[in-house]
Amino acid sequence: MKVSAARRDDDEEDGEVAQDGALSVRRCVMTTLLIFAIAHVVLMIGLASPPKFVFDEVHYVPAARQMLGLAPATPQLNPMHPPLAKELIALSIRTFGDNAFAWRYPGTVLGGLAVAAIYLCGLALFAAQWPAIAAALLAAFNQMLFVQARIAMLDIGALAFSLLGIAAFLFSFRQRRPQVVFALAGALFGLAIACKWSGLFPLLTALLIVGLIKLLQHWQTSFGDGEPTDWYRPEQWPQLSWLQIVLCLVAMPTVCYLATFVPLYGLSVVGIFEAQRRIFDDSVTTAIAGHTYMSAWPTWPLLVRPVWFLFDKTSDTDIAAVVLLGNPLVLWPALAAIAICVRDFIATRSATAFLILAFYLGCYLPWALLPRALSFIYYYLPSATLASLALVHVLTRWPRWVLLSYVAVAILGFVAMLPVSAAFIGTTMQTFTRLMLFQSWI
């Protein structure tokens, strides 16, 4: 296996241009496994606190119990979402018992996979170890992923499988024969959709990228001053047919998505079709009342309105709190990084900038088009996580110490927010007041 990307770092010690290709791959595989293991273990710390339902766990854990026969079979609980994430919760309950640790354990696995997937995305884009590791660290210390991976909800499943699918797509982007990796990406996107329908957004983004490139090739378009770093090349994917595109990025996701309904409905076509109708009706057409923590999509990158998953007073002066907000030291600078990616895409036709922008906006802007009025900042989770790639894309223009220093600053911001990110730590009302910089955060 050869690591491919839109650009390459000249520093050979990073491993991407090692003369022994096999050694380079082994290093990447070992680093991926190490990142996953560390993230997984860290996310498990204090996982069982609090030992009660937090936020939307009240919807998804009972649905998982119902799958195990631990609750009445009718009415069906939580029919408005696909089953995969709830099936993983049910599997964890069957393995570890019906307790808070078991409810949340799948999230720690999926969270670890999400961090590892960002590393793989960075490796595909930057073809260098340190930028890829930095991207994974920024994603892990963004606070948003940390909090979401420690609650029994569906979004972390959609995120993990989406990022793995994006990573596969990025690795295949410069391959002459991408069919096999495209099929893998399609399967992963199908699993993301099987957790939550928002997993469809990165799949549609990948389809639009492939369709655009094939269309330009059909029109025999070329850049007069073409460069190896261009996002579009006339000779790209010479043997990729439209039929193969449909098989890899339409049929494969569909099969993997529908397969997750088989444990619930067997091979009943009617039952599976009816499940899709209910999901569509409940998710798209049904009017939903307002919510205290709802927020509009334009405000998400600005971190205007967080979601408080937990706020319990444990004494007269102490509280246990979990807020899903995002690390301001990561997500606010990320907006400038996204703007620079736009400039790089326009000015230099940078493939790296193009791919980062495509998936960042592809996961974010569809929320502006949906008729759904009730929305929350955690819908921004995929784009917020991908934003770490934009930051690394910009910071690698300077000496390595600049990137490492910024990662250190991001870690400090994450540590400062830990008292309101993990319930088992706890904090005082004084610290809580100090951390809440704006009235809208309360």
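Predicted model: local features only at pLDDT ≥ 70, side-chain atom pairs only at ≥ 80, totals over all residues.
Q: Where is Gln276 found?
A: Helices (H or I, at least four residues) and strands (E, at least two) are DSSP runs, numbered from the N terminus. Gln276 is in helix α12, residues 269-285.

Q: Which residues does Gln276 touch?
A: Contact means heavy atoms within 4.5 Å. Leaving out residues up to four places away in sequence, Gln276 touches Trp197, Tyr257, Leu258 and Phe261. With Tyr257 there is also a polar contact of 2.4 Å between the side chains. A polar contact is a pair of N or O atoms within 3.5 Å; within protein, one must be able to donate a hydrogen and the other to accept it, and residues adjacent in sequence count only if both atoms are side-chain atoms.

Q: Which residues touch the most other members of the largest nonpolar core?
A: A nonpolar core is a set of buried Ala, Val, Leu, Ile, Met, Phe, Trp, Tyr and Cys residues joined through side-chain atoms within 4.5 Å. The largest one here has 149 residues, and those touching the most other members are Phe169, Ile209, Val307, Phe309, Tyr378 and Leu389. Helix α4 (residues 100-126) gives the most to this core: 15 residues. Take Phe309: among its contacts beyond four places in sequence are Val54, Phe55, Met153, Leu324 and Tyr378.

Q: In what order do the 3 strands of the open sheet lie?
A: Strands of a sheet pair through backbone hydrogen bonds, either parallel or antiparallel. Two strands pair if DSSP finds at least two bridges between them. Here the order is β1-β2-β3, with antiparallel pairing. The edge strands, β1 (307-313) and β3 (427-428), each pair on one side only. Strand β2 (residues 318-324) pairs with β3 over 2 bridges. Asp318 stands opposite Thr428 in β3.

Q: How many salt bridges does the structure hold?
A: A salt bridge is a side-chain nitrogen of Lys or Arg within 4 Å of a carboxyl oxygen of Asp or Glu. The structure holds 10. One of them joins Arg104 and Glu57, with the closest N and O atoms 2.8 Å apart. This pair links distant parts of the chain: Arg104 is in helix α4 and Glu57 in helix α2 (residues 57-67), 47 residues apart.

Q: Are Arg104 and Glu57 buried or exposed?
A: Arg104 has a relative accessible area of 2%, so Arg104 is buried. Glu57 is at 0%, so Glu57 counts as buried.

Q: Which residues are linked with Asp230 in a network of salt bridges?
A: Asp225 and Arg349 are linked with Asp230 in the network. Asp230 and Arg349 meet at 3.1 Å, N to O. Both Asp230 and Arg349 are buried.

Q: Which residue forms a salt bridge with Arg397?
A: The partner is Asp344, at 2.0 Å, N to O. Arg397 has a relative accessible area of 38%, so Arg397 is partly exposed. Asp344 is at 6%, so Asp344 counts as buried.

Terms used:
Residues numbered from 1 in each chain as written. Heavy atoms only, no water. Buried < 20%, exposed > 50% of the residue type's maximum accessible area, 1.4 Å probe, protein only.
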